Amino acid sequence: MANPSRSGERRAAERRRAAAMPKPRPVDESWFGALGVDGDTQLRGEVPSAEDESRYDGNWAAMRGHEGDSRFLTRQARRIIGSGQTAFQRIYGAFIAARAALGVALIATVGVTGFFGVRPPLAVLIVSVVYATLALSMWVLPRLHRPTAPKALSKMGSPQWLATIGVDIACFTALHVLSPAATLNYVALLVLPVLMAGVLTPRTMALATAAIVTLALLGIAAWGVVAGGEVTLLLTQAGLAGSGFFVITLLAGELAGRLAREELTAKGSLELARQQAQLNRLVIEEMQEGVLVVDRRGRVRAANPAARLLLAPEGMCREAPFQLRNVEAWRSLVAAVERAFAEAAWPEAGRDVVLDFESAPARTLRVRMRFTRRREPQASEELCVLFLEDVRSMQARTRQEKLAAMGRISAGIAHEIRNPLAAISQANALMAEDATTPSQRQLTRMVTDNVERLKRIVDDVMEVAPSDVHAIGPIDAVSLIAAVCSEWARTNGVVLGDQSVLQVKLPDEPVGVVFDADHLRRVLVNLLDNGCRHATKRPGAVMLRLYVRDETHAVMSVASDGDPIPPEVERYLFEPFFSTRSRGTGLGLYICRELCERYGARIDYRLRSAVESNRNEFSVAMRRQALPENVAAEARLQLSS
């Protein structure tokens, strides 16, 4: 066991060594430098200004006063943050401007007193002119008025200190000495350098500045006593003025420290608010449900991509901000918003609103609204948030939820059917060997055909059975679609070309998407089969197009010129076992949708406008992902060959 006395001696020796080590000297800075706000307001290099107006730019580091991203800031806060200056630089600039104004005031005072017959001494005039020239030069000339830092004023002998506080003390003290007591009293002017030192310099420097001014006043009072003045009056005035300067220094320092702390706290709160707003924006952008923020005047302040898709007959409408009242098709939506603002209420489940487009079929939206309220009890609604959803999507989702359980049961049943189906197939094969009459052979062929049909149905059901999706890398959609189209054309006897039934438009560059290659091939073949089956035989009857919609999604579109799908059929397109053909299984589009959902893609149908020749359009929106460099190079080589 260790000796306790030796342990105590060892600890005492360590404390002595620690006490003997030189301690780092604290950096002598102003309040703004000590609290870390000399470079504070930049917020990690961000220099906001007022340029763009986009709500969803996806780049906070480049957020330059966006109306949407910085709407939580007041106008004053945006002005301060967007000025590009720190708090120290702003206050320093204010003092420089005050010195220039004071220099002009000194010249004006000399002129006014001379006009009324009171001529100041020539030395007073010279000092006033010199001070006004120096102060105006620092304020006007950019080189002299360049931004400074707290450390530049932390030393009494620094050029910045001498050019501002030092010049003020020297000139105002000289004016006080040179001006007769009966004319003007320049003691009050010494408040400016004392105040400037209290705000912009460390406390020790500020108190030293107040002491210098006080000693100067006491020296001037002592000179007056020697000249025959009253001792009590002169020294009392100098002492009271000096005491006031010390009080001003301490108060200015405390106020400057409080300002620096509050601004630093505000910057931290602003950073947190920006991060929260960024998270909110990212969540809203990824929502499948459309989101609009509308004010009382019908102006859309923010709109996510899903909402912009729902508001446009084709493609996406413009980015926010925009006016709802400017589009005729949105009249019913505008009426719903005005009604909601007037009643300050909206049903929890929402209401249906029909958008009647001129060049496209009408679209029914389920609109839910939520309001923002001021804190006052009688305050009116200023903003409302609209949640938009296509009624067709809602109905399809409801049906999908109802069919989910049935799908799992069907997968289990299909698995159990395989064994007796295999036994039936084998028994039929044995019977076919012993069939001697035409009627017997016909019966065995019927059994064979129906067994094969049942096998296809079982395979289709098992294909969409729930299973784990393994992580896959991106594939080049351009190369895959080109290869599938060529293979499909050879299989179906279609000659690709300008006069072909199938027209294919692909980008020149590879497009990486998140999808399994075999599954995407199955989806595309199913869409091509359906499109060619219901289309005419004229050139371009089936149009296949791949395009990049935005930075996150690419769209594969298959449009045909067949008869428009009736509404009563459209609502069941993606349901299992629904088919308009007597020999169809009704699982093709259902399987396509299930495969798309596995990889975060979305398949949809829409009837294009009457002016389009290919009105029936099936589109698959796939998530984009960058391709590896070697894959992209191989794809370019294949496309160019």
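Predicted model: local features only at pLDDT ≥ 70, side-chain atom pairs only at ≥ 80, totals over all residues.
The protein has 641 residues, of which 39% are buried, and its secondary structure comprises 18 helices and 13 strands.

**Packing of H8 against H9**

- Two packed helices are described by the angle between their axes and the distance between the axes.
- On the H8 side, the contact is made by Arg203, Ala206, Leu207, Ala210, Ala211, Val213, Thr214, Leu217, Leu218, Ala221, Gly224 and Val225.
- On the H9 side, the contributors are Val231, Leu234, Leu235, Ala238, Gly239, Ala241, Gly242, Phe245, Phe246, Thr249, Leu250 and Glu254.
- By class, the residues of this contact divide into 17 nonpolar, five polar and two charged.

**Model confidence**

- The average pLDDT of the protein is 77, and 75% of the residues score at least 70.
- Residues 22-29 have a pLDDT below 50, and this stretch has six contacts in the model beyond near neighbours in sequence.
- Residues 31-74 also have a pLDDT below 50, but for this stretch the model contains 113 contacts beyond near neighbours in sequence.

**Nonpolar cores**

- In soluble globular proteins, nonpolar side chains tend to be buried together.
- The largest nonpolar core contains 47 residues, and those touching the most other members are Phe515, Leu524, Leu527, Met556, Val620 and Met622.
- Elements that each supply at least two residues of this core are the helices H14 (477-491), H15 (517-534) and H17 (588-598), together with the strands S10 (542-548), S11 (553-560), S12 (602-607) and S13 (616-623).
- H14 provides the largest share of this core, eight residues.
- Another core, of 39 residues, lies apart from the largest one; its members include Met196, Val199, Leu217 and Ala252.
- Val620 touches Val523, Leu527, Ala554, Val555, Met556, Cys596, Ala601, Arg602 and Ile603, when residues up to four places away in sequence are not counted.

- Of the contacts between residues at least 6 apart in sequence, 67% join residues at least 24 apart.
- Arg533 is located in helix H15 and is partly exposed, with a relative accessible area of 38%.
- Thr201 is found in the loop between helix H7 (191-200) and H8, and is buried, with a relative accessible area of 1%.
- The C-alpha atoms of Thr201 and Pro150, which are 51 residues apart along the chain, are separated by 7.1 Å.

**Other loop positions**

- Ser158 lies in the loop between helix H5 (122-140) and helix H6 (159-178).
- With a relative accessible area of 11%, Ser158 is buried.
- Not counting residues up to four places away in sequence, Ser158 touches Ala152 and Leu153.
- Most peptide bonds are trans.
- The bond from Ala320 to Pro321 is cis, with omega near 5 degrees.
- Pro321 is found in the loop between helix H10 (305-311) and strand S3 (322-323).

Technical notes
Residues numbered from 1 in each chain as written. Heavy atoms only, no water. pLDDT = per-residue confidence, 0-100. Contact = heavy atoms within 4.5 Å. Core = buried A, V, L, I, M, F, W, Y, C linked by side-chain atoms within 4.5 Å. Buried < 20%, exposed > 50% of the residue type's maximum accessible area, 1.4 Å probe, protein only. Helix = DSSP H or I, 4+ residues; strand = E, 2+ residues; numbered from the N terminus. Nonpolar A, V, L, I, M, F, W, Y, C, P; charged D, E, K, R; others polar.
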